[in-house]
Amino acid sequence: MAHIISTFDNSNELRNRAKSLIPGGAHTYAKGDDQYPVLSPGFIARGHGAHVYDVDGNRYIEYGMGNRAVSLGHAYPKVLRAVEREIRNGANFTRPASIEVECASMFLDTIETAQMVKFCKDGSHATSGAIRLARAVTGREIVARCADHPFFSTDDWFIGTTPMNAGIPKAVKDLTVSFKYNDIGSARAMFKRHRGKIAAVILEPSKGDAPKNGFLHQLRELCHESGALFILDEMITGFRWHLNGAQALYGIEPDLSCFGKALGNGFAISALAGKREFMELGGIEQREKPRVFLLSTTHGAETHAMAAAIATMKVYHNEPVIEHLMEMGELLRKGVAEIAVARGVSEHFHASGFASNLVYGTLDQDRQPSQAFRTLFLQELIKRGVLAPSFVVSYTHTKREVQRTLEAVDGALRVYRKALENGVSNYLVGRPSDVVFRATNRFVAPLADVPALVPQLDLHPRQKKLHSAER
Ligand SMILES: Cc1ncc(COP(=O)(O)O)c(C=O)c1O
């Protein structure tokens with residue numbers, strides 16, 4: 001069994017301070033308190049490999065890995081050494097650093113369909129840069145996003161399509177349209193509806209389900225027939241599906257593609273890459289066409305982030321990173337499925353997706369997706385020393401971590417079964433978590449509705465009764 005969790009005293013104190021200082025108490029919505037059970041670590045103090053320690057000293061096997069930004073493991077020595085070496089020579093200069101060229105060259109040796117690349121800090125910069133470039137190339141305004149893919153950018157062209165779209169002008173919202181993944185008919189109808197007006201199509205190569213009947217190739221053909229650019233968002237797939245990107249796995253050549261997340265193993269670096277004929281519109285040499293403002297940020301080429309990316313790519317080139325991610329993911333998938341059957345919850349709980357990027361689904365007694373059951377599952381895993389908003393693994397997750405995780409899953413699914421029978425509210429302490437993209441806040445503040453949280457991991461009285469009955 002994994003480490004036993006004691007209290008969340010320090011986390012709870014920080015939670016309250018954070019909420020008074022930072023809207024939402026966190027700088028990334030997906031990391032916020034509303035995404036986690038009340039009984040959860042609020043803040044992480046440090047991470048090493050596949051483990052993190054919270055501010056109360058509790059240790060967890062972690063999954064999700066910094067919103068998938070960490071694929072080798074936390075504080076991965078080869079990356080850290082490269083970063084430390086580089087940062088001693090300065091982080092940012094008046095003119096470019098030579099490491100920018102080295103990093104570009106290594107990147108283009110890795111992502112073979114691209115001829116040019118520009119680096120930035122966040123994935124959103126890269127995808128929004130791609131959209132601006134496509135609009136400039138085509139002289140059109142409408143962009144088409146895949147409706148089945150949950151996130152492309154923090155910018156208005158995408159956030160305007162979500163329920164959390166306050167502050168975004170209607171005129172901007174109206175310029176983004178959508179189509180369905182693996183449904184070429186929906187894309188065809190969309191191109192027909194907006195004939196000659198679509199600048200670009202953007203989608204992830206896969207969200208876990210492989211493209212069917214040459215979907216990606218058919219979609220690219222539709223784009224090119226109508227004069228639109230075909231953009232692949234490889235933020236997640238880039239360094240999880242295949243060393244050379246999911247585009248290599250599926251044999252598809254995009255006009256532009258966007259990378260980030262695992263590229264720097266947690267250090268901030270993202271990339272917009274693509275065909276020279278488009279990318280050079282952002283350059284200083286072409287004379288025929290208007291100049292495109294193609295990504296230019298003060299911190300875009302921080303030297304240590306380049307060093308992190310080079311070191312990360314070297315590990316990918318020299319070691320079986322993808323194979324390991326896939327092997328650990330498959331072990332987890334198989335183990336979780338077996339446990340779900342054994343505990344009688346296989347109709348209600350399942351892990352799915354590409355093995356290197358597994359997520360899980362939680363269904364209630366009526367087989368409807370349930371945030372309350374998701375929160376309960378998280379709560380029960382945390383109690384058993386596993387912090388897993390997904391089952392996204394890293395290169396440093398070994399069979400040992402997977403085995404310990406499966407033990408925790410077994411314990412959590414025993415409780416899940418009881419909750420299906422007796423009602424989830426009898427087992428979940430406090431409010432359920434909620435989805436990020438919602439128009440209003442529905443649930444009360446996490447600490448306010450559970451006054452008896454001290455000592456934090458003493459079970460809720462109702463829970464205590466049921467647990468003692470269980471034993
Ligand atoms: C597929 C995809 N594209 C783009 C982004 C935006 O990246 P960032 O958060 O680095 O701006 C994300 C972030 O989660 C993502 O998952």
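1. At what angle do the axes of helix α3 and helix α12 cross? The model is predicted, and in it the crossing is roughly 150 degrees. Helix α3 spans residues 77-87 and helix α12 spans residues 303-318. Their axes come within 8 Å. Angles over 145 degrees count as roughly antiparallel, so α3 and α12 are roughly antiparallel to each other. The crossing of the two is right-handed.

2. Next, the residues behind that crossing. On the α3 side, the contact is made by K78, V79, A82, V83, E86 and I87. On the α12 side, T303, H304, A307, A308, A311, T312 and V315 take part. By class, the contact of α3 with α12 has 8 nonpolar, 3 polar and 2 charged residues.

3. Now α13 and α15. Helix α13 covers residues 321-342, and helix α15 covers residues 399-422. Their axes come within 10 Å and cross at roughly 25 degrees. Angles under 35 degrees count as roughly parallel, so α13 is roughly parallel to α15. This crossing, too, is right-handed.

4. The α13 face of that contact consists of E327, M328, L331, L332, G335, V336, I339 and A340. Helix α15 contributes K399, V402, T405, L406, V409, D410 and L413. Sorted by class, the residues of the contact of α13 with α15 are 10 nonpolar, 2 polar and 3 charged.

5. A further pair is α8 and α9. Helix α8 runs over residues 184-193 and helix α9 over residues 215-226. The axes come within 10 Å, with a crossing of roughly 10 degrees. That angle makes α8 roughly parallel to α9. From α8, the residues that meet α9 are I184, A187, R188 and F191. Their partners in α9 are F215, Q218, L219, L222, C223 and S226. The contact of α8 with α9 divides into 7 nonpolar, 2 polar and 1 charged residues.

6. Which residues are around the ligand? They are D122, G123, S124, F151, F152, E204, D233, M235, I236 and K261.

7. A backbone N or O atom of G123 is 2.7 Å from a ligand oxygen atom. For F151, a backbone N or O atom lies 3.3 Å from a nitrogen atom of the ligand. D233 takes part through its side chain: an N or O atom there is 2.6 Å from a ligand nitrogen atom.

Terms used:
Residues numbered from 1 in each chain as written. Predicted model: local features only at pLDDT ≥ 70, side-chain atom pairs only at ≥ 80, totals over all residues. Heavy atoms only, no water. Axes fitted to C-alpha atoms, helices over the stretch in contact; angles between N-to-C directions. Helix = DSSP H or I, 4+ residues; strand = E, 2+ residues; numbered from the N terminus. Parallel < 35°, antiparallel > 145°, perpendicular 65-115°, else oblique. Left-handed = near helix turned anticlockwise from the far one by under 90°. Contact = heavy atoms within 4.5 Å. Nonpolar A, V, L, I, M, F, W, Y, C, P; charged D, E, K, R; others polar. Near = heavy atom within 4 Å. Polar contact = N/O pair within 3.5 Å; in protein donor to acceptor, adjacent residues only side chain to side chain.
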